[in-house]
Structure formats: C-alpha cells, structure tokens
Amino acid sequence: MAELECLPFGVGQHSEGICLQVRLGPYWLLLDCGLKDLRDLIAVNKSVRWAGLMCSHAHNDHGRSIPSLHAIAPEMPIYTSEVTAKLLPLIWSAPYLPTDEFLVPLAWGIPYQIQPDLFVQILPSGHLPGAASFLLSYEASDRKYTILYTGDFFLSNSRLTEGLSIEHFRGLMPDVLIVEGSFGVDRHPHRRKQENLLVATILQALAAERSVLLPVPKLGLGQEILMLLRSHHQFTGKDIDIWVDNQVGLGCDRYLEILDYLPNSVQNFAQHQSLFWDYKVRPRIGHLASTNLTDLGKPSVVLADRDTDWYSWLQSTPHQWLVLDCADEEYMMPLRVDLETDRIIYQTYLLAEHSDVAGTAQLIHNLKPQHVVFVHGSPSRLSDLANLEELSNRYHVHCASAGKKIELPVGSSLNAAVAGSDRKDAEVLSPYEGELAELDSTVMLTLPIEITEDRRWLNFADTGLVEAKWQGDNLVIRGISQRELLNAETLSATSSVRSCVNCRFYRDQHCQNRESPLRWLRVNADGYCPAFQADADKFKR
C-alpha cells in the first residue's frame, strides 16, 4: 500500500502564504509556493528531492516565492496553466529569467506523465483566469492513488472568469482532496446581489460628494471591479471618472494580453469598446499617473494597489473619502487601525471570489474523497467546516496547520483515521457546554471560562452587549460591536433620519424587507432604500 501524507509549510493563515508538501507513494511534490520565508523549504531540500511544484494560480500567497524556490532547486519542474504562466511574472518583485525557462505550462484536461508512474492533470478552478486544480495520480502495482488539490476555487461565474464546473470533477473520487476553506461556514448572497450592493454604495458616496478608494491586489479583484463598473447599467453613460494606479494598471494591461483566454462574453464586449482604458466613453477610466489625487476636480473612484502607501495619499488630499475594503480575508488590508478621520470613512463590501460553505460542500459531495484536508483560512473558519456533521460523518476531515504532518492512510475506517492526531484537534473544536438559570425578570446563561481563549471572543465581547433571537428552534446569540452600537445611537438620535437602522425591517445588520432590493443582504446602518419603513420605537430605551 502506497504512503500518502501532507506536510504544510504554510496554509494561508496570517498572510504566511500557501505551500504544501505531499507524498504520493515514492514521490514528493510541492503544491504552490507563496511563503514569505523559505528557510523550512531550504532545510527540507537537503534531504528530499521534489518531483515538481504545482502552482495553482497567480496570486501572491500562492506564487510569489517561485523564483526564490527555483534558485534553490533549479532542476525541479514547475507546472501551471498556460494563462498562469503569463500572469505570474507580474506578482514577482523583480525581473527574473523568462518564464519559459523554468515554467512548464499544461493544457486543460490532458493527463501528463511526469515520472514513469506519476501523472498530473489540470482542471479549471474559477476564481482567477488560469486558476487550476491539480489531479495527481500514482499508478502502483496494487491500484491507482490520487490526490486532488483545488488551490483557490469559485463555482460562480464572475465578470472575467468562468466558475468551476462540477461536471469536470464529478466522479473523480480521489483518495485525498486538499481544498480551501476561506469562508468557513459563511453563506454568500447571489453574486449579482453582491455586485449591485457595491455599485449602490459607490454611487451613494459620489452623490454625497465623497470620492471612493478601493485598495485591491494587482490581479483579480481590481480588474473584476473595473469590468463591473464598465458594464453595469447604473454606471453606463454616467459622468464619472475612474482612476487606476500603476500597479493595478499593469494587471489590466496583462489581462488585455490574455484576452483570447477570457470568456466569450468578455471577448465580444472587447470588440465594441475597451475593457479598461477609455477616456471618451462614460464612465471614463484612466491611469492615475496622468493626474494626481490632490487635483481631482470632482468626486471620483480610485483603484489602488493595496500594498502601496495609499493612506498617505488620502491624508494629503482635501477631499472627503470613502475607503471600501473587501471583506474577503485574502484581500483585506493589514492596516485599519485609526483609519477613520473627519474626512475618511471606512466600510467593507463583499465581492467574493472564493466559494461559501454551500459551494464547498457541493464540490466535496460530488468528488466523494476518502480524506478532506482544509487549507487557506483562519483556524476558526477551518474548524467550523471540519465540525459540520454532513462532512465529518462521511469523510476523514483534517484541518491543516503549518509544520504539522497529516498522515492520510487509504482504506482505513473513519474511527481509525480520527483516532490519531486529528482526534486532538476535534477535542479542541468541541462545543462549549453551559447552564441556564431563570430568575424573576431575567435569564442567566453561564459558559465556561475556556470560551474566552478563542480568538473570536474579543470581537464577540467587544461591548459586553449581545442580541438574542430565535432561529427555528434554536436561540442564536451574537455580540454587538462598538461600530454598530455607535451607528445605532448616532442615527437614531432623531426619528427623522431615514436610514436602515431606523427601518422596521433592519435585523442583525441585514435587510429583511421583501419589497427591498437589499433583501437578505448585509447593509450599513446608515444606508437607505426606497422601501424604507420607519420604526420609531425600535431604539427606545
């Protein structure tokens, strides 16, 4: 029986990047290399000869260290898709050898023999142009052993990338599935609802004479937003200026070079007007280098590389600003402390490029693997996924953490697999038991002090206030944040304020009005829609 195991060097937590070493029979392989520190890899390279590196896509946390890895293991082939091979140099911090000297582009869906009994095949993952899942197969004397690594994946179509097709994956039944868990057990609104809410937020800020800054990565999210604003009916023909800084602009130019690989709808759009750069058709899109933030003549939309010193830009301008930060942990800015001033407002939005719990479970159930290894997410999000009964009762579920080897025995029973190192994780992740006491006028809930050791406790207990509501037969309790409390106090100071916080359908920061276009969406307390209905008694104390 062949040995299968996974040793993570980085699992995408705390911006450490993704890098996994897997053993498939006699072969050792690397999955992605986005580490900031390669010391552990250098140490392992002294005793292990890797059969290849599989790079899933061209984002920093998956591929930024490839040139450095190539320097220490120049004989190792680096496999990726053709599009990713074209995009990767854009995320590297310095010029390197031409990529065709050490990258091996693969065509979709074709098994390639990379060793006498080792094969690799790539399938589209969605998420980003060229993003690939890798199916690794080792043909031993007794049977074939397989590992499927998804990288980052997204089932829904976005503006510039077709989503992962379940049809391409159904029936593969790998022994091991290594899959991302970026959003844990969160559920997303429909993609179009996310887009409409972002557009409405931007237009609302511009109408209030505020410019809008969106810090984005060089590749992916920024180009998606530009395409959204270029093609959305509420922006078409509007007298709005959109400015793009140099780094994000380079990503736009690279997208134009891979136009033939983009969806047909995008190629058709490009036949009639430019995808990004247009100084005549409204809304106008131009390079930020051709103007200066201090010289903006009117409220505008600015897309800037999240890694630049954009905060100093804002402080040096006299304009009012709304900073919109993506709520996806992969894209959220590291610096948000003391961001808000009299002139600067900070908000988050969701334009997801990773699947939610429904998409993750759908993929797993269609693949029917024996082992599921969750990577790419905070420990709390991964543990939430691992604790889902629909997964833990059917598969051997593991939460990867850097430096901790995961053994993946094939054919063992579920209890045997959980009885090892993963049982220790399961005990840490078990629910907390408490007690209820009914007093004359209140109910007291007592929980063990160990619950405060979870990193999520600080956010939950931020103000010491909670909200409880029934959800079916379950009572759901959530903490109320300082921001939410302050917004509620400020906006409800007068009953004449027509905003979401004073609407009778505003619950748990979400809209529950069947007549509202924002129904079921997370909305800002100071938002407003035409379906507003006042609730004058809501905030009486």
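Tyrosine 27 and tyrosine 138 are both buried, where buried means under 20% relative accessible area with a 1.4 Å probe and protein chains only. This is a predicted model, in which local features need pLDDT of at least 70, side-chain atom pairs count only at pLDDT 80 or more, and totals for chains, interfaces and linings use all residues. Residues are numbered from 1 along each chain as its sequence is written, and side-chain values use heavy atoms, leaving out hydrogens and water.

**Aromatic rings**
- The structure holds four aromatic pairs (Phe, Tyr or Trp rings, using the six-membered ring of Trp, with centres within 6.5 Å; planes under 30 degrees apart are stacked, over 60 edge-to-face, the rest tilted).
- The rings of tyrosine 27 and tyrosine 138 are edge-to-face, because their planes meet at 75° with centres 6.0 Å apart.
- Tryptophan 92 and phenylalanine 102 have ring centres 5.9 Å apart and planes at 25°, so this pair is stacked.
- Tryptophan 92 counts as buried because its relative accessibility is 8%, and phenylalanine 102 counts as buried at 6%.
- Tyr27, Tyr138 and Tyr145 form one aromatic cluster.

**Nonpolar cores**
- What does the largest nonpolar core contain? It has 70 residues, and Leu41, Ile202, Leu214, Ile225 and Tyr349 have the most contacts inside it.
- A second, separate core of 34 residues includes Leu4, Leu118, Ala132 and Tyr145.
- Such a core is a set of buried Ala, Val, Leu, Ile, Met, Phe, Trp, Tyr and Cys residues joined through side-chain atoms within 4.5 Å.
- In soluble globular proteins, nonpolar side chains tend to be buried together.

Key. Buried means under 20% relative accessible area, exposed over 50%, partly exposed in between (1.4 Å probe, protein chains only).
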